[in-house]
Amino acid sequence: MTYTTDVQTIFKALDLAPPEHNPTGLAVCTPIDASLLARVAVSTQAQVDAAITRAHTRYLSWRDVPAPKRGELVRAFGEAVRRHKEPLGRLITLETGKIVQEGLGEVQEVVDICEFAVGLSRQLYGLSIASERPEHKLLETWHPLGVVGIISAFNFPMAVFAWNAALALVCGNTLVWKPSEKTPLSALALNGLLLQTAQAQGLDVAGLSELVIGDRLVGQTLVSHPQVRLVSATGSTAMGRAVGVACASLFKRSLLELGGNNAAIVGPSANLALVVRGVAFAAAGTAGQRCTSLRRLIVHRTIYAPLMTALVRVFERLPVGDPLISGTLVGPLIDQRAFDAMQRSLEQARQSGAQAHFGSREEVGDAAAFYVRPAIVEMATQSGPMLQETFAPILYVVPYDSFDEAIALNNAVGHGLSSAVFTQDLREAEVFTSARGSDCGIANVNIGTSGAEIGGAFGGEKETGGGRESGSDAWKAYMRRATNTINYGATLPLAQGIKFEV
Ligand code: NAD
């Protein structure tokens, strides 16, 4: 069976029409062997405008549906996704090259955030605040925002949409989603399932969750359209810089989830067996193509040699190969551009005198695809390519002497997404997670930098964009806050004791 027929079978299993073949459309290839999966139509400017208008019209009625009722749609959607976990996970693997376990894990995230959002649909509470005036009530209430535009990256083609969609829908908003041009099939499947679920509940689906397909030009239309009230954009820092500035100039809300250059500190007391497992998963898992992938390892000089020996031994045996085959732990890079960027960074590091282990291309079948053995690069100082995010499996390692120096190294890069410390020293753990510790949105102890749960707010500081998605109170980004002062007396006392008699 070719991967193209595999895609057809998946859509059949979801009870959805297979993606229409458009001979001049966007070519979608699988990174598994670089073969063509489908050609899908790109949305025209007029189609994107019409989709946004439909979403705005639908918003005007959706906002009046009680939130727990809106939650019923999200609950049924989550259940449908759970029932179809296997085909959805396989589609993620076909389109992104993630290993099957990680594809399934991503689908589980969709289920988890739906469950979270269903509970949230009964908890969109505001505040009751003591008023300084007699017979007055001071409240803070939360209301839907409008159309939420979602721009997503290739590496989480379903979960990123779900983090946004599940919350935005229970909050009373409607959606327009522009997925990555590399992964439109996952979007067609997941959005198709959402609309199928809505239809089964007798809901009007027009404008509830519109899908628009294309590259950055389509994204730019979402950003500039006056009826899109919030743009939630996930992707590179370069993309976020463009989207953030454009939104700011229109006084439009943006929620930016951008790149990461994540570090872990390994203290002298660390449990090295645990470190090796944690580091291998965080650095080599998903072929280093997670925003939270571990890219920098800051190791106490006294344990540097034994840790390096153990890591090199593990990396040289990592099963690199076809992500559909069980036992594979490292699948392919998304495309040649990613491979070239990786090789450029490795070359730059080598030229600066660093010692690079592995990182070259691996033969997998007769594939025209880009498989690599994850690299470990020993650096004398934190410099050169180590200061940037290269979206590929490269783990730079530097030694440190004092814990303050290690924290300074952790914080001395542009990004601020995820970080970790491996230590059994309570003081180090507490300092790392304190005000003078890691400056990242995620700071972990004795686990790697990747693999966040949906219960916590997810996002990062500095060049990661500052947005927060998923759990905790991230829902507030999808609503507008109103402060209400209600006078239930017969006089009109003014605040601050002001007298204004007329
Ligand atoms: P990318 O920036 O190339 O593309 C992301 C999305 O933005 C795509 O849909 C693309 O079409 C769109 N886009 C690009 N430029 C745009 C513009 N000027 N206006 C509007 N839309 C635009 O990123 P990618 O290669 O798909 O994904 C990898 C990057 O995403 C990495 O940097 C990774 O760290 C980051 N990422 C971050 C998170 C997070 O939650 N922080 C999650 C996943 C990925």
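The notes below go from the source of the model to the ligand and its surroundings.

I worked with a predicted model, in which local features need pLDDT of at least 70 and side-chain atom pairs count only at pLDDT 80 or more, while totals for chains, interfaces and linings use all residues. Residues are numbered from 1 along each chain as its sequence is written, and side-chain values use heavy atoms, with hydrogens and water left out.

I looked up the shell first: 27 residues surround the ligand (a heavy atom within 4 Å), and the closest are Ser 152, Glu 181, Ser 236, Leu 258 and Glu 389. I sorted the shell residues into 11 nonpolar, 10 polar and 6 charged, with Gly counted as polar and Tyr, Cys and Pro among the nonpolar.

I then turned to polar contacts (pairs of N or O atoms within 3.5 Å). A ligand oxygen lies 2.7 Å from a side-chain N or O atom of Glu 181, and a ligand oxygen is 2.9 Å from a polar backbone atom of Ser 152.

Key: A polar contact is a pair of N or O atoms within 3.5 Å; within protein, one must be able to donate a hydrogen and the other to accept it, and residues adjacent in sequence count only if both atoms are side-chain atoms.
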